[in-house]
Structures are given as C-alpha cells and as structure tokens.
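The following paragraphs lead the reader through the structure shown below. They treat confidence, the contact between the chains, the domains, and a few individual residues in turn.

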Amino acid sequence: MTAVVSQRPKPSGFRISKRVLPYVLSLPALLVCIGILIPFLTSVVYSFQRYRLSQPWARQFNWGDNYISFFTDPKFWNTLKVSLLYAGTTVVLELLLGLAIALLLQKRSTLNNFISIMLLMPLMTAPALAALMWKLMTNPGFGVLSYVASLIGLQDFRWASSPSTALFTVVLVDIWVYTPFIMILLLAGLRSLPTQPFEAAALDGVPRSFVFFRITLPMLTPYILTATLFRLLDSIQQFDIIYAMTQGGPGDTLTVFQVEAYLNFFQSTNVGRSAALMIILWAITYFLSNIFIKNWLRLRERARGQA
Amino acid sequence: MEHTSLLERILRGMALTLVVIFFMFPIVWIFMMSFQTNETILRIPPQLIFEPTLANYTALVTGKLMTAAGTLDIAFMRNLWNSVFLSVTSVAVSLLLGVPAAYAFARHKFRGSEDIAFTLLSFKFAPALLVLLPLTLYFQKLGLANTYVGLIWVYQLICLPLILWIVRGYFEDIPADIEYAYRIGGHSWFATFRKIALPLAGPGIAAAGLLAFIFAWNNFVFALVLASADKQPVTVGALAFITSSGIQYGQISAAIVLSITPTLALALYAQRYLVEGLSLGAVKG
C-alpha cells in the first residue's frame, strides 16, 4: 500500500514545476535572444550617430544624417543596385537551373539518386572556400578556366579582376554553390506530389507541356516559393563569396551591402554609416523573412501531415 | 510518361552529363592540383596526366614550406584544429542548450514561447554583420575579443536556431500519449524526457547536430570579424594563406582539399537528413 503511494508523484510539486519548467528549459535560448537583441539595438543607436573609430572624440548624435546622406550618395545607390542585381540574377538563374535539374532527376533510379547526392557536394563546400577554388581556376596565369576561355576565342578574359566580368564571375560561383539547394528542395517536392492527377492526364492523352504548366507547376508552387525566398534572403546578404573572391573590387564594382558595411567599419572606420547600411539591409530582409516564414510554416504543417 | 523517344533519352543524358561536369569539375580539378608541383600546375595548356606528389600535404602537415628563398612557416594545421575545436564545441553547447528548449517549445505551450522561437528564427535571416560589428566593440570591452569562448558564444547564432527548429519538429512527432503513459507509471518529467523523448527523437537530434556542425565549419564572416590569426578556422585561414604564400598553388589546393573533406564526408554520411535540415523541417526528404 505505502509502496504504491510513494511511487505517485506528489500533485502539488508537480503543478509548480509544470508551470516553471518550460521557462527553465528555454531560458538559455531566451538569453541568446537577448544577447542578439543588445548588439542589434546598439546598431540602431550607432546608425543615428556620427561615429568614426578614428575620431572617437567627435562622436555625437546626428539623428537621421547617415540615412539622409544616402539619398545623394552615389556609392550608396551603387551598393543598392549591385545587391539587387546580384540577388535577382542568382535567384532567377538558380531557380531555373534547379528546377530543370530536379525534373531531369525526378524518376527514382539508382543513377538519379547517386547524381543528386553528388550534386550536394558544392552546397556542402564552404562558400568562402568555393570562391577560392574558383579563384584558382580563373587565375589569368595558369587557371584552367582562363585556358578554356582562350580556347573558345575569349583571349585575355579577366574573370573577377575586370569590372565588366566581375559580377558574372561571382554569380557563377554562387550558382555553383547554391543551385543544388533549390534542386534538392524541388526534387523532394516533386517526389512528394500525389500521382493521381498525372495518371489521369496520361490516360486522357494530355500533352506534356500542358501537364507541366497546369498540373506540375501549380502543385509545386509552395516549394518553389519557399526555396526562392530562402535563397533571396541569403543572396541579398551575400558576403563570403564576394569578399573571398574580390573583397568588393575591382574598385567598387561588387560592394554589396554587407561588403560595403564591412569595408566602412574596418577600413574607413565609419561606424555610423556602416550601421545605417546594415539597418537598411535588415529592413529589407525583415520584410522578406515575414513572407518567407508564412510560406515555410504552411509547408512545414504539410510535411508534418505526411509523416 | 513512358513513351520517351530515343532522341529525348539522348538529350536528357547529355543534359545530365553537362550538369554533373559543371558541378563536379571544380572539386575534381582542385583535388588534382593538390597532388601537383608548382611546375606542373603552371604549365600551359593544363595537364591531365602528371606524376602525383604528396609534397603539398607533407608541407602542410609539418608546417614547413621549402622555397627557393628559404623555409616558410605555415600555420594551416592550427587553422584546421581551430575549425574542429570551434565546430565541435559550438555544436555540443548548442545541443545542451537547444534540445531542452526544443522540448519545452514542442510540449508546453507557454506564454512567449512562440515569440522566442520566432525571434531566434528571424535572426537567423538577419544580416550577420548587423550583430557582429557592434559585438566587436563589446567584445573588446568584455575581454572576449579573440577568445574561443567569445567565438563559441557567437557561433550559437548559427547552431541554436537550426537545432531548436529541427529538434522541435521531431519532438512534436512523438505522440504525447507515450509520455503520459510513462508519467502515470510514476516517473518524473526528467526521467520521461531522458528515457522516452530523447531516444525517440535521437535520429533527429543527431541530424540537427551534424547539420549544425557543417554550418559552423563553413562559416566565414564570424571568425573573419572576431578572430585573429591564432584562433581562425580554415575558411578564414585559407584566405590569409593565399595572400601570404602567394604563389604556392599546390599547397593552397591541398589546404582547400583538407578543409572541405570533413563537411563533404559528413554530408554524404547524413544525406538522408539534409533535405529536411536545410529547409528547417519544411520539406521531408
């Protein structure tokens, strides 16, 4: 009798711990949250200050001056233009290429599965190291790609060291690294689609272009949307590839937001301008990530349902 | 669907071959370069057939580089060790902090739980430098600048959201009834967590840990901003190496090969979980 009673948890102790327990368990995560929020708020404060590391005595609030000066600053417009151009080009090209490859690999076969696993390798390569690999291959002296370019008639093709081809080169590296990301997401999406609509279409002899545009594409849209937004969020903040490849150069050809902020902070030690740049980028990503999270949650619910 | 013509099969085959060449060539080429001496690398046109040499790897491992001008010290092994140490410790800390939190988020809906979870998630998508640049100034004041502790703390930004959201999904998949049954048997919540929830979510925790390791290993900007030479991981170290040793392309290739091998091997090992992990649980592989 007593043994049975002692095995039961005491109701009072149980109730208290149940209310406090989740907070105790998530406290470290909460602390990390606060740890992120403090530097974030500091950034906001910096962005409203005239603050140069080289002139700490002249540090004072100038309120919106950092932001207002952007309107007349051609360097800022260049940053905005290059960032949007980079993000737009990479995401569109990666989406098209990723979708095409996913369609090629759609059928489950040993070869297709093997290829899709192989294609993960660029994605698992650190982007900074991927940039170094491409830098070695595009070296004007001995780079194999420079040699290939000269074979197809492009003598003295300068890749990342010429302002006219630098963007093309870093976009190429981005495509190499991140196309597999879109590919595997869409491949998983394609393979999880219900088969009945396709069987019905095949039975009715519906043309394949019709099947693709009216059945496959609409059903795949949530996956395409999630993959695209995910990449867009990443791509507009690209730093690793561009910094490792050209450090924003030649000149200011590739000074995208994060590279420009980094150079502002460490080279011209203009903390205020650097912080204002980051706040603008943050506003863009915050807007995008809200749309993304909505889509992602919907897809996540669906994946839960399948399990 | 089954009526594929011969022409179509040939076109598909050609397209796939091109895809495989484009995505595999850089890795294969750098791998080949890492076994060549500088003379064969610099030869034009590039050679496919050469006498492989291990000299590049020996130079990296011993840390001594023989050049015409004399011996040069290379600290690449130090970078490799930093990468291993930083990634392993960061993931361990993240698992320790993140798994209980993920369990709390999955099992107990409490006030503010979704807010914390989403704040963590949204900062995963915020620009890294937004937080990093003020942190450099704070770290200098706190004495955390260029310390492993400071770096591991910042690496939580990469690992924690990943682990929290992936593991949470796995915990949610466990039917709560199993845990209730065990609780009714008179066991404490901790015993339930340890004996029931943890083992059932085990594969998910392992997958999240592996993925967090890969992301921590591949990170560049955190260490670039916060670490100086003796604490730098391979991603930053290789970049510094390329500028300091200038023309030693064989060694640089060997360094790149050594730096990317761990993540590639882990990815192949864990590829089953990659789709789910990369999409933070939005897509099942």
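Helices, as the term is used here, are DSSP runs of H or I with at least four residues, numbered from the N terminus. By that convention, Ile291(A) belongs to helix 14 of chain A, which covers residues 271-306. The model is a predicted one, and confidence values therefore accompany the description below.

For the complex, the predictor reports an ipTM of 0.89 and a pTM of 0.88. The average pLDDT of chain B is 84, and 94% of its residues score at least 70. Within chain B, the element with the highest mean pLDDT is helix 1, at 92, whereas strand 2 (residues 70-73) has the lowest, at 66.

The contact between the chains involves 76 residues from chain A and 82 residues from chain B. On the side of chain A that touches chain B, helix 2 (residues 11-47) of chain A gives the most, with 16 residues. That side of chain A comprises 59 nonpolar, 14 polar and 3 charged residues.

Chain B is itself divided by the domain assignment into domain 1 (6-73) and domain 2 (76-278). The C-alpha centres of these two domains of chain B are 31 Å apart. Across the boundary, 16 residues of domain 1 of chain B make contact with 14 residues of domain 2 of chain B. On the domain 1 side, helix 1 (6-33), helix 2 (38-42) and helix 3 (55-62) of chain B each contribute at least two residues. Helix 3 of chain B gives the most, with 5 residues. By class, this side of domain 1 of chain B has 10 nonpolar and 6 polar residues, and no charged ones.

Attention now turns to individual residues. Ile291(A) counts as partly exposed because 13 C-beta neighbours lie inside 10 Å, a number between the limits of 12 or fewer for exposed and 20 or more for buried. The C-alpha atom of Ile291(A) is separated by 8.0 Å from that of Leu229(A), although the two residues are 62 residues apart along the chain.

Two loop residues have a positive phi without being glycine. Thr269(A), with a phi of about 45 degrees, lies in the loop between helix 13 (257-266) and helix 14 of chain A. Thr269(A) is partly exposed because it has 14 other C-beta atoms within 10 Å. In chain B, Asn146(B) has a phi of about 55 degrees and is located in the loop between helix 6 (128-142) and helix 7 (148-173). With 16 other C-beta atoms within 10 Å, Asn146(B) is likewise partly exposed.

Conventions:
Residues numbered from 1 in each chain as written. Chains lettered and ligands numbered in written order. Predicted model: local features only at pLDDT ≥ 70, side-chain atom pairs only at ≥ 80, totals over all residues. Domains from an automatic or database assignment. Contact = placed C-beta atoms within 7 Å. Nonpolar A, V, L, I, M, F, W, Y, C, P; charged D, E, K, R; others polar. pLDDT = per-residue confidence, 0-100.
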